[in-house]
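My notes follow, in the order I looked things up.

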Amino acid sequence: MGSEFHDIDWQAARWIDRMSRPVQDAEMAAEFDRWILKDPRHVEAYARLSAIWQSEGLHCALKGSGETLVAANEPVASNDDDCRPGHAWRQVFASRRAGLGVAVMALVLAMVLAPRLMVEEAAFATPRGATRIVALSDGSTIRMNGATRIAVRITPWSRHVALEAGEAFFDVAHERLRGFSVDTGGASVSVLGTAFDVDRLDDDTHVVQVYRGLVSVDAGAGRQWRLPAGSGLEVSGERVRSLRGVTGQRPGWTKGWYEANDTPVLQLVQRLNRTSARPVVLSDPALGELLVTGRFQTDRPADVLDAIAAIHDLRWREKGGRYVLSR
Amino acid sequence: MLSSIRDLEATPGTVPREDGWDAVQTAVQRYVRSRSGRHDIADDIAQETVARLVELGRMQQIGSIFALAFRIADNLLTDMHRRERRLSDEVDDEWQSEEPSMDRVLDSRRAVDVFNRCLRRMPPLRREVLIRRRLNQESCRSIGEDLAISAKAVEKHITRGMIDLRKALELAGVDLVGHD
């Protein structure tokens, strides 16, 4: 293996990194095509490094070395066990049947390829108390809860939504070559064709609930889960809680309901604040930790506050344009 | 061999044989051989890839034809592995393909051990960059911001990291099949 080969490998490595970036200009695309055509060895070097870079083996090794850093917070709901010792490639392929790991990789490459002209970008926002249905050009729909902001980016090879604040229910049109992902800042959700709800309660706490199909959630630091329909996940910083009993066609909030299940009052209040015309505040943050269970009609905040007050022997009043909940 | 893939609209006869497509088809064949080590399927995949490219090219402008071609070929390879796995589950637990598969080599316990050793030996910063880029799919810019280094430096670490991994496999004698 001479030094010329060596050079080619370096060039190939640089191209693999460049071609997996979200934005590629036309000039770079043309340069890559010229490089590939120039010498057959370029294709071979690029292919071999692609194989290494995309391999499950590297994924597992990186995951292993990442876990030594975060070993203390082993997630409870993890079912991403492809990398446990003793799991040979057989299991790796079995998991690929779901196609999600590959979809994620493909998505990254996919975003690369779209020339800027063909990229559709749009941002949508709802005020407190209003909901909105956004229909995307691919046939997917997004129902936005109140006080929600999203940014949509669709290219011929990728579909991506950034949920910047609030909550949204996604009904995704299945496409074979084009994935769909939702980024909540902390966690990212990748799907094939499916329906799911993502709730960004605050910067730390993100809730994903799946109503149809299968989604993959990546919370960073190698923490990944696959959620089938009927299940959900609440990621709050280092803590992870798996949710069950996700039923129906779509989440209750789309019909003005919220189903609380041992849910902290703070979460209920945060949700109420999306629909209530007046903000709800707690006189004492400790009240936020009380748990409530039940079906609440979030478009009627006064009734919800009455119910919370009755459950925990609290009171509430209107003060300065706000609802204040106190002992 | 690929005929059972769904959504297959174009049949081999309908692919236009213009000069440009021949070059693409040849490159994809080469790519598949090196990428997977599977010589038996390279022609099929290259043909199918070009058919899809032609279809896509009719509907929209394509940035890098080769980057898209290689990605389509990757997807087809994945589909094929998946189908072969299903088949082998039905037929025989100890089933082996007659052709070696690069993916199988790279997913093996031995390759993972080589990667692990290589990652342990590299500077912690480079390892961190690789984890963030490959595992967490972070952009070079955000990695650079978090680690207080320039995006250029991030790029260098990734490139170096890939070469390190490639060399480690070679030194360990893990055969990267597909050399012509």
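This is a predicted model: local features need pLDDT of at least 70, side-chain atom pairs count only at pLDDT 80 or more; totals for chains, interfaces and linings use all residues.

**Notebook: chain B, then chain A**

Residues are numbered from 1 along each chain as its sequence is written, chains are lettered from A and ligands numbered from 1 in the order in which they are written, and side-chain values use heavy atoms, with hydrogens and water left out.

**Chain B**

I counted eight helices and zero strands in chain B (DSSP runs numbered from the N terminus: H or I of at least four residues for helices, E of at least two for strands). From the N terminus, chain B therefore reads α-α-α-α-α-α-α-α. I then checked contacts (heavy atoms within 4.5 Å): among those in chain B between residues at least 6 apart in sequence, 65% join residues at least 24 apart. The accessible surface of chain B is about 8,500 Å², and carbon and sulfur atoms hold 48% of that (Shrake-Rupley method, 1.4 Å probe; for residues, only the protein chains shown count as cover).

**Confidence in chain A**

Mean pLDDT (the predictor's confidence in each residue, from 0 to 100) is 78 for chain A, with 79% of its residues at 70 or more.

I found three strands of chain A in an open, mixed sheet, ordered S15-S18-S17 (strands pair if DSSP finds at least two bridges between them). Strand S15 (280–282) and strand S17 (315–319) of chain A each have a single partner strand, so one side of each lacks a neighbour in the sheet. The twist averages 30 degrees from one strand to the next.

S15(A) pairs with strand S18 (residues 322–326) of chain A in the parallel sense, over three bridges. A:Val281 stands opposite A:Val324 in S18(A).

Which helix lies across S15 and S18 of chain A? I got helix H7 (residues 265–275) of chain A, running at about 155 degrees to S15(A) (axes fitted to C-alpha atoms, for helices over the stretch in contact; angles run from 0 to 180 degrees between N-to-C directions). Helix H8 (residues 301–312) of chain A also packs on the sheet, touching S15, S17 and S18 of chain A, at about 145 degrees to S17(A).
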